[in-house]
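Please take a close look at the aromatic side chains in the model below.

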Amino acid sequence: MTIETVSLNRSHGGTQGVYRHESRATGTTMTFSVYVPPREGTASLPVVWYLSGLTCTHANVTEKGEFRKACAELGLIFVAPDTSPRGDGVPGDPAGAYDFGLGAGFYVNATQDPFARNYRMWSYVTEELPEVVAAHFPADARRQSITGHSMGGHGALTVALSHPDRYRAASAFSPIVAPSQVPWGTKGLGGYLGSDRAAWRKHDAVALIEDGARFSELLVDVGDADPFLTEQLRPELLERACGSAGIPLTLRRQPGYDHSYYFISTFMADHLRWHAQRLKA
C-alpha cells in the first residue's frame, strides 16, 4: 500500500498528483494520477475512474482531459491509471505495433505466455488500485463511477457490466463496444486470452449484455468524423444489444468530432456532470 509521490500541483483549489507504487497484480512499478478537489474537513468524496485508450498512459487525460474545473465544482475525485504494465522484461508486441503489448493491455488478465505474468490489468483496475486509492485518498467507497476512451471505453463498459453494484454510473468516449468482432479486439483478446472465443465474452460489452449482464443506464459519445468508427468502434452493436436487453443507453453521435482529446475534452465536463448526478448520496 506504500505509494511514492512523483508530482503535486495546485489546480482549481484542489491537488493534482501523480504517484507510483509496486504492483502485486502486474509485478511492476505502476504510475497513476489522482485529482482531489477542494473539500471541507475530512469529508469523503465520490470517485470517477477514467480508463485510457491505446498507446496512452495516465498522462494523456491528466494533461489533455480538461476535467479539473468540473471536478472541483462537482466535488469529484478523478483517478487515471496506466493502460499496461511497463518496465524491463515486460513483453510488448514482437512486431512493435501500437495496438498490442505496451500501452495496450485491454484491461484483461492475460492467460497466454509471455503476457500472463505481467498483463493483469483487470485485477489491477478492479482490485488493487481501488485498495490503494482507498488507503491514501478521501474516497467514498459507496460512491464510485467509471468512464474511459476507446480501449478504455471498452474497459469501462466491461468493468461496469461485471460490477453493477459497485459503480453508480458508467459512460464512455468512442468505446470499442464489441472487441470480439473488430480487428483491434480480436488481436488483443486473442493475444492475451488465447483462441477460445468463449473466454473473450466477459471482456466484450455486447457479449456480456447478450449473456445477461445489466447496468442501470449508459452514456456513450462518439464523433461522426472518427476514422475508427465503422471498422473498430461499431456503436450500433451496443445500441442494438442495449435495446434488446432493456438497458437505457444515451448514444450521442457528435457531428464533426474525431477520436482525439479535442473530442474528449469538449464533452468531459458534460460526462462529469452526468456522473455527479448519479453519485449524489
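Q: Which residues form one aromatic cluster?

A: Tyr35, Tyr50, Phe67 and Phe78 make up one aromatic cluster. The model is predicted, so local features require pLDDT of at least 70 and side-chain atom pairs pLDDT 80 or more, while totals for chains, interfaces and linings use all residues. Residues are numbered from 1 along each chain as its sequence is written, and side-chain values rest on heavy atoms, without hydrogens and water.

One member of the cluster, Phe67, also has Arg68 over its face, 4.7 Å from the ring centre (CZ of Arg or NZ of Lys within 6 Å of the centre and within 35 degrees of the ring normal).

The structure holds 15 aromatic pairs in total (Phe, Tyr or six-membered Trp rings with centres within 6.5 Å; stacked under 30 degrees, edge-to-face over 60, otherwise tilted). Tyr119 and Tyr192 form a stacked pair, because their ring centres lie 5.2 Å apart and their planes meet at 25°. Tyr119 belongs to the loop between β5 (77-81) and α3 (121-136), and Tyr192 to helix α5 (residues 183-193), so this pair ties together parts 73 residues apart in sequence (DSSP runs: helices H or I, at least four residues; strands E, at least two). Both Tyr119 and Tyr192 are buried (under 20% relative accessible area; exposed over 50%, partly exposed in between; 1.4 Å probe, protein chains only).

Tyr257 and Phe263 make a tilted pair, since their ring centres are 6.1 Å apart and their planes are at 50°. Within this pair, Tyr257 is partly exposed at 28% relative accessible area, whereas Phe263 is buried at 0%.

Strand β7 (residues 169-173) is mostly covered, with 5 of its 5 residues buried.
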